[in-house]
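Have the structure open as you read.

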Amino acid sequence: MWLTGLPSAGKTTIAHELAGRLRTEGHRVEVLDGDEIREFLSAGLGFSREDRHTNVQRIGFVAELLASNGVKALVPVIAPYTDSREAVRKRHQNEGTAYVEVHIATPVEVCSERDVKGLYAKQAAGEISGLTGVDDPYEEPESPDLRIESQRQTVQESAAALHALLTERGLA
């Protein structure tokens, strides 16, 4: 399950909430957090379009590897480009593993208020550039499997909606 959305949209928080619920039901689950992946698996990559694509493909490979071995992979990663997300979807299809795309559709204004990592403040102060959704593109999914507006519901309600989708598809 790939959770895509802007920085501070709530992707990781929702993924961890869902992971806890799935684990209590006896599922094997891993959360592939984007920040951790950048630190350990994609160290040295920057934020150019090419580097972002490479990062997404690496994460997609690990997610598919986990899924093919019976582990539910929850991937709260921005993945700003449609073609990168589609390449991951195709990898899963080719390998016969499920791929579910969820758009955490939190408006940039809400994300900048949350500003969990201080990125929006740094961008506004001119300390950084290339912030996804502000001065770097974010291509919203046109038809995700589920769209969640995290500003309109609690983390628990968001995780419950994801769980319902997985259950409906026979994945939970």
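Two strands pair if DSSP finds at least two bridges between them. Helices (H or I, at least four residues) and strands (E, at least two) are DSSP runs, numbered from the N terminus. This is a predicted model, where local features need pLDDT of at least 70, side-chain atom pairs count only at pLDDT 80 or more, and totals for chains, interfaces and linings use all residues. Residues are numbered from 1 along each chain as its sequence is written, and side-chain values use heavy atoms, with hydrogens and water left out.

Now for the pairing. Strand β4 runs parallel to β5 (residues 146–148), and three bridges join them. β4 also runs parallel to β1, again with three bridges. Here is one pair of residues from each:

Buried means under 20% relative accessible area, with exposed over 50% and partly exposed in between (1.4 Å probe, protein chains only).

On to helix α1. Its 14 residues, 11–24, reach 20 Å from the first C-alpha to the last, close to the 20 Å expected at 1.5 Å a residue; that expected span is 1.5 Å times one less than the number of residues. Lys11, Ile14, Ala15, Leu18, Ala19 and Leu22 are the buried residues of α1. Seen down the axis, they fall within an arc of 140 degrees, so they line one face of α1. The arc is that of the directions from the helix axis to the C-beta atoms. What covers these buried residues includes β1 (2–4), β4 (101–104) and α7 (155–168), contact being heavy atoms within 4.5 Å. Just after α1, Gly26 takes a positive phi of about 95 degrees.
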